[in-house]
Structure formats: C-alpha cells, structure tokens
Amino acid sequence: MKLNSKIMEPAVLFLFFTLFLYLALGSQWDNRIKHDFPYGYGASDAFFHQSVAEYMKAQGIVKYTPPYEVGNHDFVYDAHPPMLFVLSSQISIFSGIEVYDSILLLSALLWIFSGILVYILIKRFNKMIALLSVPVMIFTLTGNFKIPLYWGYWLFIAGVFFLIAAFWAFSRLDLHNSWILLGLFMGALGISHIPEVFFVALFIAIYFAIDCFSKKKFDIPVFRKILFAAILALLISAFSLNIFFATFAETEGFRNKFDTELGNGSVYLKDIGLIGLAFAAGLIVFLVLKKKDFAGWFAIFMFFVSYLTLIGFGKRAATHRWFWYFYLAFFFGLLAYQIIKLVYKNVSYEGVAIISIVLLIIFSYPLFSQGSGSGIMNAYDWQGLSWIADNVPKDARVFYFYSDALGQSAALYNSKHLAFNLVRNDLFEAIQNKEIRRTYQFGLADSYAAYLCDATPFNYRYFRNNPEIKGQLEECTAKNHTRIETVEYSLDICDADYIYFDKQASQPVLAQYNLIVRQILLQNNYTEQVYENELVSIIKNNDLGEDCLGKNTSIIKLE
Amino acid sequence: MVKTQVSSSSNEELDIEVSKDNEEIIIKSGSFVDEKKVDINKELVYLALIFVASILVFKIVFYKESIMVVSQLAFSFFFLYILPGFSIMYYWKSRLEFVERFIIGFPLGAAITGSFGFLLGLFGIKLIFQVWLIPIVCFILGWWFVTKTRNL
C-alpha cells in the first residue's frame, strides 16, 4: 500500500494533539468539558486567574480587578497582563461553558499549540527533522514539567505560546510586510506575559547584530521591518505596559533572585534523564553541521534563557525549563534523523512519519498510567462559596476556619467578598493547647501589591488602605504603592460578619475543632446558621463585638 | 564572484552572488519565491475536514460529554481564533502552504481577537459584541485578500 505523503503530516500532528490533550486534560477532567466547580485546579494561582477572568467576563470588559481581591476598592487597575482573561472570557461567552472550565481548557490548548509552533519553526529547516521532533514533546507531561498547567501558570503559558509565534514571525521576515505578523505577536506577547517580550527582543537584537557583523553591513531593510514591528507592538501593548510599569515594575523591579523560586516544582538538567543525552548529542550534530538553522539557535537561546537564574532572573527564567522538551525537541529530531540516515540512505518522508507515530505511541504509553484527580476544590465548598457570593452584603467580612479545599487563599476569591483565612500554625497551636479563643491569627486573602487607580483621567494614583476601612470610601490619592494594613493580624471572631466552617477534613481532629467552635457560637443568641450542606456550615453574627463565646471569656479550655 | 540583481516573482529585488565555477549562489538580500497556487475550494474542503476532525478529537478526549457541547466548543475556537487568523494569513497565500497558514492562523487569530478585544474594551465595547465584531472584520479582510490582492 502506498501512503500519501500529504496525509502523513496531519496524521502525526493530530495524533500528537489528541494524545497530549487526552493526557494533559482528558483524564484530569474526568473526560468531561463542563464541570460543576473548578475541576483539576492544583494551586492558588489557578484560582486567582480564574476568579479575575470570571469577574471580567461579568463586567464585560477586561480592565479592573475584582474589588474583593484588592481590599474592597472599586476601579483598581488589574496589574496582570490581560490577554488570557480576554480569551477565556470570549470562549466562555461564545461556547456557553463556565470561565473556570474555559480558562483551563484554553491554557491547555495554548500549551499544546506551543509544541506545534515549534514543529512549524523546525519544519522550515527540514520537514523530516520536524516530524521526528514531535514525539519527544510528549515528555512535557512527565514529572514537574507539567506543572504550569495544574499550578495555574497560565499567563506564562500564553506568554510562551506568543513567544514561539514571534520567533516564527522573525524567522519569516523575508515575507512581504511580515513585520505586521511580528508586531502583532510581540504586541500580543506584551499583553500576555511581559518577561517574554524582553527575551524575544534580546534574541532579535543578538541575531540581528551577528547577522550584520557576518555580512559586514547594516541591513537596513531588516532593521526597518523590526522597527515597524516594534512600533506596532508598542501601540497594541502601550496601555498594558503602562499599568505594568506603575505596578509590578514598582513593586518587584528586577527580580534579583538567583534560585528557581519554584521550590519542589523546580526542574533541573538531571530531570530530563537519558533524553538529555539525546539532546546533547543532537546539539553536537548541530554544531558540526555546516548549515545552522534558525530552529537550532532558537533552542540554544531558550535553554540559555532558562538559566538566567544565574544573573538574578529567578523564576522568570526558571519557568522556561518546564518547556525544555518543546524548545530542545529540534536536537532530538536532528539526532534521530542522522541515525536513520546512517541506516537507510534513501529515507522517505512517509517512513519518517511512521517512525514518528511509533515513537509517539511508545513515549506516551506509560503516561496513561499517571494518576488524575479533581484537584483542590470540591462541590460542597464550591456551593458554600457561591452561596456567600450571592447572599452576603458586599462589605461583609467572612472568616474561614480550617478547610482542606480553601487553604489556598485565592480559592476564597470565589466568595466574591473580603475573606480572612485562619493561619494554620495558629490553629495547630490552639488545638495543641486545647483551647477555643476569641482571637486567632487570620490572613487577608489578597494577591496584589499595588492598588493602582485613576486620580484624574490622565493621572494614576494608588489606594493606600488595605482593606478599605469599613464604611469609609477612600479617595485615590496616594503617590506611591505603599499600603497601610488596616486590620490586625490577630482578629476577634466575634467581629466577623460571617464565619465559615467545614464539618469534615482529611485530618479528623481539624474537623472536630471546627465543629466545637461552631457549636459554641451557635449556643449564644447573637449568631445563627444561615447556610449548610453536607460539608459546609456558615454562621452569621448578628451582633458584632458581643461576647460570642459566652461565659465572658476570651479563651475556653477544653477538657 | 559575480554580483548581479534579479527580480523575483513578487517583484522583490534579489542581490545574489554567483561563484566563478557557477556551483554556488549566495543570496545577499531578498529571497527566491516559491510561489504557491491556492485553490480556495480545495482549502475550504480541508478546513471542513479539520473542523470535523477537531470535533472527533474533542469527542475522543472528552468522551463523556455530549456531541452538542463538543461541537459548540470546537466551533467557538474555529470562529473566534482559527478562522480569523487563517483568513488574515491569506495575505501570504502565495508564499506559505496551507498547513503553515493554518497553524500560524491560530496564534494570529488569538493575537488579533485578544489584543483588539482588550483595546475595544477600553473604549467601552463589551466582550459580547467583540466576539462577533472582530472575527467578522477578519473574515472580510480575508475575503479581500483572496479575491482582490495580487500575490505577495
């Protein structure tokens, strides 16, 4: 049977797409698209971005941060680049699926397409090497490499997606008016994840300089295209960059961190194991070859970027190690191609495609046994948070006792109210001392370091108070981002408008403690249970500041 | 080396150098154009096939979901990002083959719909209108590139 070469390329790409999507999200999502609550969310950042996108979809425009995430201040500019929020809201509106599903699905698709874009980048060099590069990309779903999807590094994924697209556009500057493509991708990158703009710009500067040096002349036509692209990118991203410089650039500045900052989510060279040797061998082949393709320089450069931790880029560089299997796939393809050529002098495109398909199946087979799960959130806590969102007055403050699902503060943003989460260590201390207290340490669920707002239509200022003092509307007048914390770390639970309890926990002692506190509160005349499901109980305090524990005491010793 | 200038089919000028033994041609600037003939009808069939294949892939991956939800989702991605980007890529129809235009069409569509969606939002145009406005403008531009422009 003669295989048609035209169907081999789509066959490899569709197989890659299907396997990757299945392993990344299909099994993780219980093979459903629509869920009753955020499904497969593994860390705080995921809830953070989901809650922001949710708010923006409800507002109809992507501009301001949800007030309950910035101390209850209205009209605070969202410091994060807006691209992912726009795209996930659009998909949600158009398809009818919830934002918490659309944002994770979209991130997964951008992740997969980043690999396919690398394929296209390599394909210009050699179609067969491109096909042979595809199978190794599936290893992105192993170990810590898959973290960006489940931990919510979605803005970064979007950044890498447009970064590779920008690299492709730069590699095709020979096309008529192709600066438009480069400008659009760089502009999109500017509103997706800003560090990647710097990395692409750095590559372009180095590549252009070396090119001019080797040709011994300043290439004015190429320079003109780069300049036009930069102007277009600037026009697209100017507003967002302005916000960035008034927020993150002010609060973070240069990262100045020399470690990965990713803790147990870090990736090191040893983590790519034997495949790393294949990459190294492919690199040597590349360096030996007379014709050195753009895809190889791209791979080397991005590997170099992932080690900019050495000069203080911290996680802005280290996160790129999660994409090593994409970036370095070219070297695997190159090595595999050279080996095949050694065995078969007249290797055919169809033959290479079949090898690629076989490798893809072999590499992905063990990944089917990887575990999956619904993530941090569960249906009952989600119902509890949704009840608060829909039924509690806007300025009410809710205190949260221990919950397995809500330890990550960003999950509390889904209550759409100011949320104070009981500090775990303080709780453990109280349990050890067998005491119920009026005062515990609570942390305000907030994630933003600067509350940027409009003082006038042409002038930014900041809100100072965090959170806004109850009943007092603060003017947007502060000249710098420094905040005043208006609530103590130690808070009296008798001052809470609402108190949230989980009745079960992975460690029974934590649930028992919750139940005892809840029981004591319900014994007085000031509090009442206003919501309950199988897991959650929400208590309303009708008389703030009263002796909610009873017995005129601030500590009750348990027997 | 013999220096010369020739014209490519896109009327770009190529500066080339030919070695004395005529074995090597070095392109100093510009590029040879491998002009591709585009059969729109055939490409529409390809697009339809990819759309059906996408539904199939989504149905395999999310097999517990109804075909209606899966189709709606595939249509959303096509309408919002893939087709707008692919339409704009017709500007380079003679230089890029279908697969490359299709794949780059996705980031391009996302870049256009996302960036201009954000910017339109700043002028008060809500998301609900953007999801129709931006793709339709891209389709019109794409149609114009297909029918009116010369090969670029």
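Q: Is the crossing in which H7(A) passes H3(B) left-handed or right-handed?
A: The model is a predicted one, in which local features need pLDDT of at least 70, side-chain atom pairs count only at pLDDT 80 or more, and totals for chains, interfaces and linings use all residues. The axes of H7(A) and helix H3 (residues 98–122) of chain B come within 10 Å and cross at roughly 115°; axes are lines fitted to C-alpha atoms, for helices over the stretch in contact, and angles run from 0 to 180 degrees between N-to-C directions. A crossing is left-handed if the near helix is turned anticlockwise from the far one by less than a right angle, and right-handed if clockwise. The crossing of H7(A) past H3(B) is left-handed.

Q: How many nonpolar residues has the contact of H7(A) with H3(B)?
A: Phe161(A), Phe162(A), Ala165(A) and Trp168(A) in H7(A) meet Ile104(B), Pro107(B) and Ala111(B) in H3(B). By class, this contact has no polar and no charged residues, and its nonpolar residues number seven. Ala, Val, Leu, Ile, Met, Phe, Trp, Tyr, Cys and Pro count as nonpolar, Asp, Glu, Lys and Arg as charged, and the others, Gly among them, as polar. The number asked for is therefore, under this division, seven.

Q: Which helix gives the most to the side of chain A that touches chain B?
A: Residues are numbered from 1 along each chain as its sequence is written, while chains are lettered from A and ligands numbered from 1 in the order in which they are written. Two residues are in contact if their C-beta atoms, placed from the backbone, lie within 7 Å. The contact takes 49 residues from chain A and 43 residues from chain B. With nine residues, the helix that gives the most to the side of chain A is H3(A).

Q: How does H3(A) lie relative to H2(B)?
A: The axes of H3(A) and helix H2 (residues 67–88) of chain B are 9 Å apart, and the two helices pack at an angle of about 130°. Angles under 35 degrees count as roughly parallel, over 145 as roughly antiparallel, 65 to 115 as roughly perpendicular and the rest as oblique. The orientation of H3(A) to H2(B) is therefore oblique.

Q: How many polar residues are in the contact of H3(A) with H2(B)?
A: Gln90(A), Ile91(A), Phe94(A) and Ser95(A) in H3(A) meet Gln72(B), Leu73(B), Ser76(B), Phe79(B) and Leu80(B) in H2(B). The residues of this contact divide into five nonpolar, no charged and, as polar residues, four.

Q: In which handedness does H2(A) pass H3(A)?
A: Within chain A, the axes of helix H2 (residues 44–59) and H3(A) come within 9 Å and cross at roughly 60°. H2(A) and H3(A) are therefore oblique to each other. The crossing of H2(A) past H3(A) is right-handed.

Q: How many residues does domain 2 of chain A give to its contact with domain 1 of chain A?
A: Chain A is divided into domain 1 (5–32 + 79–369) and domain 2 (379–557), with bounds that come from an automatic or database domain assignment. The C-alpha centres of the two domains lie 41 Å apart. To the contact, domain 1 gives six residues, and domain 2 gives six.

Q: Which are the edge strands of the seven-strand sheet of chain A?
A: Helices (H or I, at least four residues) and strands (E, at least two) are DSSP runs, numbered from the N terminus, and two strands pair if DSSP finds at least two bridges between them. Seven strands of chain A form an open sheet in the order S9-S4-S2-S1-S10-S12-S11, with mixed pairing. Each edge strand pairs on one side only, and these strands are S9 (490–492) and S11 (527–532).

Q: Which residue is the bridge partner of Val398(A) in S10(A)?
A: Strand S1 (residues 397–400) and strand S10 (residues 498–502) of chain A run parallel and are joined by three bridges. In S10(A), the partner of Val398(A) is Tyr498(A).

Q: Through how many residues does a hairpin join S11(A) to S12(A)?
A: S11(A) and S12(A) pair in the antiparallel sense over five bridges. Glu532(A) has Ser537(A) in S12(A) as its bridge partner. The number of residues through which the hairpin joins S11(A) to S12(A) is three.

Q: Which residue in S6(A) does Asp454(A) stand opposite?
A: Strand S5 (residues 452–456) and strand S6 (residues 459–462) of chain A pair over four bridges in the antiparallel sense. A hairpin of two residues joins S5(A) to S6(A). Opposite Asp454(A) stands Tyr460(A).
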